[in-house]
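The following account considers how two parts of one chain meet. Please keep the structure in view while reading.

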Amino acid sequence: MSGFSMLPDLHFTGGKAAWPDARRLPREGLAQALVESRNRTLAWLGAFGQTRRGWTVPRQYDCNPPLWTLGHVAWHAEWWCLRGVRHLEQGGIRLPVASEPSLLDGADEWFDPERIGPDERWEIALPDVSRVKQYAAQVLDGLLRRIALLADDDDATLYPFRRALYHEDVQGETIAALLQSLGVAPAEPASVGPAASVSHNDALHFPGGNFTQGWSDADGFAWPDELPPQKVYVPAFEMDAALVSNAQYLEFVEDGGYEHPAYWSAAGRQWLMMQERSAPRYWSRHAVTRSWVVSRFGAERTLNPDEPVRHVTLFEAQAWCVWAGRRLPQEIEWELAATQNRGLQWGALREWTATPYEPYLGFSAEPTDGEIVGRFGTHQVVRGVSFASPARLRHTRARTALLPEDDVSFVGFRTCAV
């Protein structure tokens, strides 16, 4: 029988072996990573305590409820890896159907995002916290046992498990954003981490040329929206080495940037009227000194001028660029710059680009790609990772999509010369 001799338990904190390429994790490395990801998820969720009362939080319109998120993480992994999903033809449409029932009765109705929208997630009555945690533990245990019995380390064999891993990694970051939105400190403060400083922001010059965008390797794990690779000609461009800092953005604020409609797009002006915003989310004036302060997980701090500005919408990033005579990078420019590794500083925050989220030419969706396809045309491409992301999410080809008005996510921006 193939497999490895011992399964890591649910309190596993890291393996002895280190695999440098997270997108090519073999079975044992994948099992370790799944446990590490779950521990990370539970660490973020630890701020809500052990009782239902702690998990019942005020509605945040740009986030999901914490208990729903935990249940969804478990449901997603179970659906992909344990339930024998097959595709049936119905009216010329291929529909995914599970061969096995969920370990939790009602999980499909509660946690399938195709069945329950963002508003309903805050309104439904979910099982008790202990039951959802038990379900999540049962699913993880099932994943580890299934991985141990797999016949090989082929990409096709490991694809659903790798996808479940990366999905949970991303969901963990959304829990961190929820804590920030609620003003709640993480149970493990060290996980917050300081943002990288922007002491200087040099200009990087790229000659451009032909470039292959997307996942072009013959092996490894790739998200569907990274495929197929495509060759594109990229004109020469100049890009900031670092993200726009608080100090740079503060100049825009104090110059009345939020009061000048000319800096804002039509959509930006509409958003601004609805928000009545005069500074980024979580910025405010100190009641006594009138200096600028920011809220970080419920703690008020003096605005650090050298940190990258974060929690800004696409509209705010665009307005700053108009004011400064700059522009946001195109998605392909960001990918080329990050791939060439010529001094681009990235990884502190996710980053807005100027590119709407659309499929690459030749993209072919599977019935299980509904969440990805549903963002095409309505979301904007965001690149990079944030301080709240596990290191394995850091990849130059990885794409993220956010709504233009999203200022809950840990997102900032850098600029290019016009």
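**The interface between the domains**

The side chains of R163 and D369 form a salt bridge, with 3.1 Å from N to O; the term denotes a side-chain nitrogen of Lys or Arg within 4 Å of a carboxyl oxygen of Asp or Glu. The model is predicted, so that local features need pLDDT of at least 70 and side-chain atom pairs count only at pLDDT 80 or more, while totals for chains, interfaces and linings use all residues. Residues are numbered from 1 along each chain as its sequence is written, and side-chain values use heavy atoms, with hydrogens and water left out.

The chain comprises domain 1 (27-191) and domain 2 (203-280 + 308-417), with bounds from an automatic or database domain assignment. Their centres, taken over C-alpha atoms, lie 26 Å apart. Contact (heavy atoms within 4.5 Å) joins 28 residues of domain 1 to 25 residues of domain 2.

Between them the two domains bury about 2,300 Å², 58% of it on carbon and sulfur atoms; this is the accessible area (1.4 Å probe) that two parts lose on being put together, summed over both. On the side of domain 1, the residues that lose the most area to domain 2 are R163, Y166 and E173, together 28% of what that side buries.

Five salt bridges are found across the interface of domain 1 and domain 2. The side of domain 1 that touches domain 2 draws at least two residues from each of α1 (27-45), α3 (66-81), β2 (93-97) and α6 (155-182); helices (H or I, at least four residues) and strands (E, at least two) are DSSP runs, numbered from the N terminus. The most comes from α6, with 13 residues.
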